[in-house]
Amino acid sequence: MASQGLRASPEGIRAAKTALTDKTWSQHKLAAALGITRQPVSKFFAGESVSRTCFVQICQQLGLSWQQVAGLPENVISQAIAKAQPNKVDMDALVWEVRQKRQGKIQDQCGTLQMIDIAQTVQLMDIYTNINVLEKINSQQWREISDLLKDFSSESNFNRLGGYEHQKRSAGLEAVLCHSKLIVLGKPGSGKTAFLQYLAIECNKGEFQPNRIAIFIRVKEFIEDTKGESEFNLFNYISQEFLNCDVEQESTTNLLTQGKMLILLDGLDEVPSENADQVTIKIRKFAQDFYKNKFVFSCRIAAQKYRFQGFTEVEVADFDDTQVEVYAKNWFVAVALKSREDGEALGNLFINQLNLPENQHLRELAVTPLLLHLICLVFHVKDQFPSNPAKLYEQAINILLFRWDEIRGIKRDRIAHNLTLPNKKHLLFQLAAINFEQETYFFDKENFQQLIAELHTVGDISLDLTQLQIDSEPLLKAIEAQNGLLVERAQGIYSFSHLTFQEFFTAKKITESSNLQTWHNLVNHITEKRWHDIFLLTVSMLINADNILQLMKQKIDLLLGDDDKLQYFLTWLYQKSSSVSTHYKAVAVRAFYLVCVERSSYHRRRAFAHTPGYNLEYALVGNIAFDRDLALDEFLSSTIACVNELDFAFEHTLNDALALDHAHALTIAFNEAVDLVVEPELKQVLQKLKKQLPHVDSDQNKFGDWWQAKGKSWGEQLRKMLIKYRNIGHNWQFNEQQKELLQQYYDANKLLVDCLNSASFVTPVVRQEIEETLLLAIADIENRLLA
């Protein structure tokens, strides 16, 4: 006989609406929390008949007595139900009773997290951050390498091999609600276990799937606890778990049969290979026998052999910016044991520094919770990120290679009997370096197999190739599943999980085989921006960086060596900077004037000094509190730059607002310059030019007409005076090739300075020699060496 329906009384509906408002919920959110459709919720609030089970669930979720909401005394309802179903077990009452008995067990199993390098456990709910999932599994999509390269080159879609940002995401809880059988796939450390623990805790509290009882099983422990038995019996294991909580087997059977369980199996990939087939069969049979229950399994993304009929697969998405921020703020309270106020303040400092341009590589790693924890841990030491990121990257790689499994007592199967940890690292070094050199960030298993064979042939690595020569895919899958350093981007196409890891491995390969030829090969890439991080990592890992830095300096000096005009320009740069009275290093002053020339020479400003993280004088001495000479030349150069911008704006009939901005900027810069001049003759000349300028604010049209008629002549007069009195403002008239060479020269010098600052050790003599000859013409360098 069907369960008798119930309807809410008018007073009960008012009480329910008040409770819903107090929770700031909508009817849709209430239905989602219950794991039911919206229809019975709508009927409930409309006073229509609703099944007794749904009625009780809704009232419990709102914290109301279902008897009072129905407007009937409790004994009337109980008698009616008992009369209608004299022989039927009251499943709602049984669920409630068993949940009470199991509450402590679930809290003990799932209430805390053991985090790497943290002595004490951390309360799950203090740090948990809601996850999102992708319904399209990347590794199951058919794509070509050319398609992936298009995404890689598009910053809006692909984050330096970190993951696809344009894919549709949905909340993890929503996926569980939508599918009765779900497998949550993810990379190592992506938050799969924490998500299942969260589901168990929420169900245990009656906040999620309140009509079910959570059972959380670590597959590794299930295998260990049942290994001595003749078969891996999941029903017996669950029954014993419930017996330990004083729940009789008959009740357990009833709950399973009626579909009242939320069964959470964590870590399918942790099954030893010798037990994999048998365990898979047992789990599949159990899910089929007790199909009415809700199942959620977790597994690493590459463990494709664990497939179950009727299960939907989703992939845990990388953290987005909001999730990173939430996690970090929670971390500094829950893990660093700060007060809520202090923890959030430190979290804000962490996020602000993480978002700086120079920390892009750390942001790339922070999308994985396990690595974000490591980054927070390192930051917490000094409330700042380390100056040498290579050590942090090495820690992250070691965590993925062995420490994460080691801490949890997991032993992975070895694919090749002599694929030791050093061999595996060496293989990754070679794979990273060869592919980076060839600019092939993606590869298939055939490329991988060819690489293994080549390395074995030349003796760079020793492996048992008998099986690997037949099929290298198991090795690829093992590295992906066990370590998360490689990922399958599409069917049969792989890459490193983060470009940062590939760059680190490439630099590691260079440092391991350090010789003169290796250094020359590296230095040949000095003008390629994609190699800049390789240079920085390499010098930071070398015991002594003298040789590589000297080779870099020689290569940079030769960039402009064949162009007489550019060599003459560098000579002027040296002479001008030498004429200035300042307490700053000569090289910093040369860098300052190089930027001034770039700023004042071109109408469309692409000045390298304004590129985030690429200010050479800042890299040399930090923020320059300008001396009078430097400040004066800065304002005069800015004035010339505004003259060029105005000429361009009027010649190309750009909008008036843009021209007006340049006019205001010109007036401000020029007035500041005039105020700084102390030389009587120059001051008189500049004041005369100042009087010729119409006031921009008084009549904008008049200023525009005047500039079109006399602006070019005014600018030429100014330029002549600056050349005469300050030796600046030269119209160098570089062609496009020379401009490009200067840009490369500037960037390469900036890289060299960054490498000097990043190197673990440079002898004082070499450091001084490089700094003193930076930004000098070849003839001036030779003269210095001869002096």
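Student: What makes Ala345 count as buried, partly exposed or exposed?

Tutor: Ala345, found in helix α17, has a relative accessibility of 43% and therefore counts as partly exposed, since buried means under 20% relative accessible area, exposed means over 50%, and partly exposed lies in between, with a 1.4 Å probe and protein chains only. The helix is a DSSP run (H or I, at least four residues; strands are E, at least two), numbered from the N terminus. This is a predicted model, in which local features need pLDDT of at least 70 and side-chain atom pairs count only at pLDDT 80 or more, while totals for chains, interfaces and linings use all residues. Residues are numbered from 1 along each chain as its sequence is written, and side-chain values use heavy atoms, with hydrogens and water left out.

Student: Why is Gln27 called partly exposed?

Tutor: Gln27 has a relative accessibility of 23%, so the residue counts as partly exposed. Gln27 lies in helix α2 (residues 27-34), and its C-alpha atom is separated by 6.6 Å from that of Val41, 14 residues apart along the chain.

Student: How do you know how many disulfides there are?

Tutor: A disulfide is taken as a pair of cysteine sulfur atoms within 2.5 Å, and by this rule the count comes to zero. As for individual cysteines, Cys203 is buried because its relative accessibility is 0%, and Cys596 is buried because its relative accessible area is 3%.

Student: What makes Phe297 and Phe311 a stacked, tilted or edge-to-face pair?

Tutor: Rings of Phe, Tyr and Trp (its six-membered ring) pair if their centres lie within 6.5 Å, and planes under 30 degrees apart count as stacked, over 60 as edge-to-face and the rest as tilted. By this rule the count comes to 39 aromatic pairs. The ring centres of Phe297 and Phe311 are 4.8 Å apart and their planes stand at 25°, so this pair is stacked. Because Phe297 lies in strand β10 (residues 294-300) and Phe311 in the loop between β10 and β11 (312-316), the pair ties together parts that are 14 residues apart in sequence.

Student: What makes the charged end of Arg530 sit over the ring of Phe436?

Tutor: The rule asks for NZ of Lys or CZ of Arg within 6 Å of the ring centre and within 35 degrees of the ring normal. The charged end of Arg530 sits over the ring of Phe436, 4.7 Å from its centre.

Student: Where is Leu337 found, and what makes it buried or exposed?

Tutor: Leu337 is found in the loop between α16 (321-334) and α17 (340-354). With a relative accessible area of 59%, Leu337 is therefore exposed. Phi of Leu337 is near 60°, a positive value in a residue other than glycine.
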